[in-house]
Amino acid sequence: MASKSSNLSPAFAYTVVYVKDVAKSVAFYAKAFGYNVRRLDESHRWGELESGQTTIAFTSIHQHETDEVTGSVQMPKTNSERNSVEVCFAYSDVDAAYKRAVENGAMPLQEPEDRQWGQKVGYVRDMDGIVVRIGSHVSEPRHN
């Protein structure tokens with residue numbers, strides 16, 4: 001007999017990113033970061049990218065179905081503020097991925113550099129102020 005708790009083991013399904021214009025954001029992420037579009041509904045209120053075992057989904061910052069239930073989305077008002085979530089993508093060629101993102105409209109924040117925790121990382125910002133980390137897969141840290 002299977003344990004009741006086994007029915008409650010979650011699978012991380014997707015992350016929802018709240019944006020001003022779903023269609024523009026889906027197109028931007030596809031072009032700047034190299035993802036294929038899985039879905040963009042006809043109303044342009046929901047979009048998804050093919051991103052491996054999980055899904056990156058986009059929806060409008062204003063949701064008449066949920067704003068009154070969960071509260072309204074707060075967007076950064078200046079470039080010195082940021083969202084409380086950071087989107088991170090791993091690449092084998094971080095420099096090329098960073099360059100492609102910037103060439104396709106991402107705002108450069110910091111060019112890629114090696115970090116002590118064993119990852120090469122660069123940062124950009126998307127059109128909605130969301131910080132995107134472009135990094136290598138994490139390797140074992142170097143000890144000096």
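Reader: Across which strands does helix 1 lie, and at about what angle does helix 1 run to strand 8?

Author: Helix 1 (residues 22-33) lies across strand 5, strand 7 and strand 8 (131-135), at about 20° to strand 8. Helices (H or I, at least four residues) and strands (E, at least two) are DSSP runs numbered from the N terminus. Axes are lines fitted to C-alpha atoms, for helices over the stretch in contact, and angles run from 0 to 180 degrees between N-to-C directions. The model is predicted: local features need pLDDT of at least 70 and side-chain atom pairs pLDDT 80 or more, while totals for chains, interfaces and linings use all residues. Residues are numbered from 1 along each chain as its sequence is written, and side-chain values use heavy atoms, without hydrogens and water.

Reader: Why is one side of strand 5 and of strand 6 left without a neighbour in the sheet?

Author: The open sheet has 4 strands in the order 5-8-7-6, with mixed pairing. Strand 5 (87-90) and strand 6 (107-115) stand at the edges with a single partner strand each, so one side of each has no neighbour in the sheet. Two strands pair if DSSP finds at least two bridges between them; strand 6 and strand 7 (residues 119-125), which run antiparallel, are joined by 6 bridges.

Reader: What is the area buried between domain 1 and domain 2?

Author: About 1200 Å² is buried between domain 1 and domain 2, counted as accessible area (1.4 Å probe) that two parts lose on being put together, summed over both. F28, Y29 and F33 supply 46% of what domain 1 buries against domain 2.

Note on methods
Contact means heavy atoms within 4.5 Å.
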